[in-house]
Amino acid sequence: MSHPSGLVATMERRQVPLYLAALAVGALTGWAAPAAGPLLEHAISPVLAALLYVTFLQVPAAELVRSLRSGRFLAAAMVVNFVVVPVVVAAMFGLLPDDRAVRLGVLLVLLTPCVDYVIAFSGLAGGSSRRLLAATPVLLLAQMLLLPGLLVLFMGPGLADVVEAGPFVEAFVVLIVIPLTLAWLTQAWAVRRPAGRRTADAAGTLMVPLMVATLLTVVASQVPTLGDGLADVARVVPFYVVFLVVMAVAGLGVARLFRLPTAEGRAIVFTGATRNSLVVLPLALALPEALAIAAVVIVTQTLVEVVGMVVYVRAVPRLLPAR
């Protein structure tokens, strides 16, 4: 892939303030033009699919095969996300507000590892973005397979009466299968034709703008739905903060347990802490009206996490200094 132009390089250097600005503009838009919320809600999946396409485009198909052979890093990523995180969530679960929709929203977002901006934030902290990129499809598939069972484990079998499988399957196809397939087709085209290479290079410059568009769209679409639920949503903020603090320590422990190099260890800390709010949001939006506040609970986690990532970018290199 060619070197980024001046504008693209500037956006990449300043992506954190750009993301914070997108959240602020989205909140103001949702407050000032609440009628636009339903329209923006329909735009979430297309914008997110485009973002994931560009993300997957950075992962050569051959690199994915190699990632499956990268035993220690992939094992550490699976342990921190699907063993450690559920234990941490279980410890907090009984203290959450006694509201089914709020608890479901917290579970949806905290039990699923991030697959998009974690790569950028990890890279800013000197983490191995390449390892995370290659592990992304594996993490996505694993969380989609494990999430239904984890939800039943935490919420009980009655959850099947209100959470349908259809939206999960649709989200997996629209947000994972289609973008990943298109990305690999684009890679194959880029190898064979100059036009394909130009297309892949052009798409690769859109990561930051698409992330900004996704964050703005998500927040603007959900702010109007807050209504009387603001107090309930505010009560989960401390749990999200505690999760970030605990997972910094837990991620460090897993990195040391697997004796990973510094860059890979930092990536493990980030993958354990960052959550998949944007990908699971469409699942929450498909819930019955009685559980609608779950979507806002998920968006709230995004707001907390992006601020937390600003701290992580500075703190993680100190937790795991270069050897």
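Which handedness does the crossing of α13 and α16 have, left-handed or right-handed? The legends below start with that pair. The model is a predicted one, in which local features need pLDDT of at least 70 and side-chain atom pairs count only at pLDDT 80 or more, while totals for chains, interfaces and linings use all residues. Numbering runs from 1 along each chain as its sequence is written, and side-chain values use heavy atoms, with hydrogens and water left out.

**View 1. Helices α13 and α16 cross in a right-handed manner.** Helices here are DSSP runs (H or I, at least four residues), numbered from the N terminus. The axes of α13 and α16 lie 10 Å apart, at an angle of about 40 degrees. Axes are lines fitted to C-alpha atoms, for helices over the stretch in contact, and angles run from 0 to 180 degrees between N-to-C directions. The two helices are therefore oblique to each other; angles under 35 degrees count as roughly parallel, over 145 as roughly antiparallel, 65 to 115 as roughly perpendicular and the rest as oblique. As for handedness, a crossing is right-handed if the near helix is turned clockwise from the far one by less than a right angle, and left-handed if anticlockwise. On the α13 side, look for Val237, Tyr240, Leu244 and Met247, among others; they belong to a set that meets residues of α16 including Val304, Met309 and Tyr312. Contact means heavy atoms within 4.5 Å. By class, this contact has 12 nonpolar, three polar and two charged residues. Ala, Val, Leu, Ile, Met, Phe, Trp, Tyr, Cys and Pro count as nonpolar, Asp, Glu, Lys and Arg as charged, and the others, Gly among them, as polar.

**View 2. Met247 and Tyr312 have the most contacts inside the largest nonpolar core.** This core has 114 residues, and its largest share, 14 residues, comes from α8. A nonpolar core is a set of buried Ala, Val, Leu, Ile, Met, Phe, Trp, Tyr and Cys residues joined through side-chain atoms within 4.5 Å. Leaving aside neighbours within four places in sequence, Tyr312 touches Leu244, Met247, Ala248, Val269, Phe270, Ala273 and Pro317.

**View 3. Helix α7 (residues 117–124) packs beside helix α16 (residues 293–319).** Their axes come within 9 Å and cross at roughly 20 degrees, which makes α7 roughly parallel to α16. This crossing is right-handed. Tyr117, Phe121 and Leu124 of α7 meet Thr302, Glu305, Val306, Met309 and Val313 of α16. Six nonpolar residues, one polar and one charged make up this contact.

**View 4. Helix α11 (residues 207–222) meets helix α15 (residues 277–285).** Here the axes come within 12 Å, crossing at roughly 30 degrees, which makes α11 roughly parallel to α15. The crossing of this pair is left-handed. From α11, Met211, Thr214, Leu215, Val218 and Gln222 are in contact with Leu278, Leu281 and Leu285 of α15. The residues involved are six nonpolar, two polar and no charged.

View 5. Phe154 is buried, with a relative accessible area of 16%. Buried means under 20% relative accessible area, exposed over 50% and partly exposed in between (1.4 Å probe, protein chains only).

**View 6. Gln143 is a buried residue of helix α8 (residues 129–155).** Its relative accessibility is 2%. Phe82, Thr112, Pro113, Val115 and Asn276 are the residues that Gln143 touches, not counting those up to four places away in sequence.

View 7. Leaving aside neighbours within four places in sequence, Ser128 is in contact with Ser122, Ala263, Glu264 and Ala267. Most residues other than glycine have a negative phi. Arg259, although not a glycine, has a positive phi of about 55 degrees.
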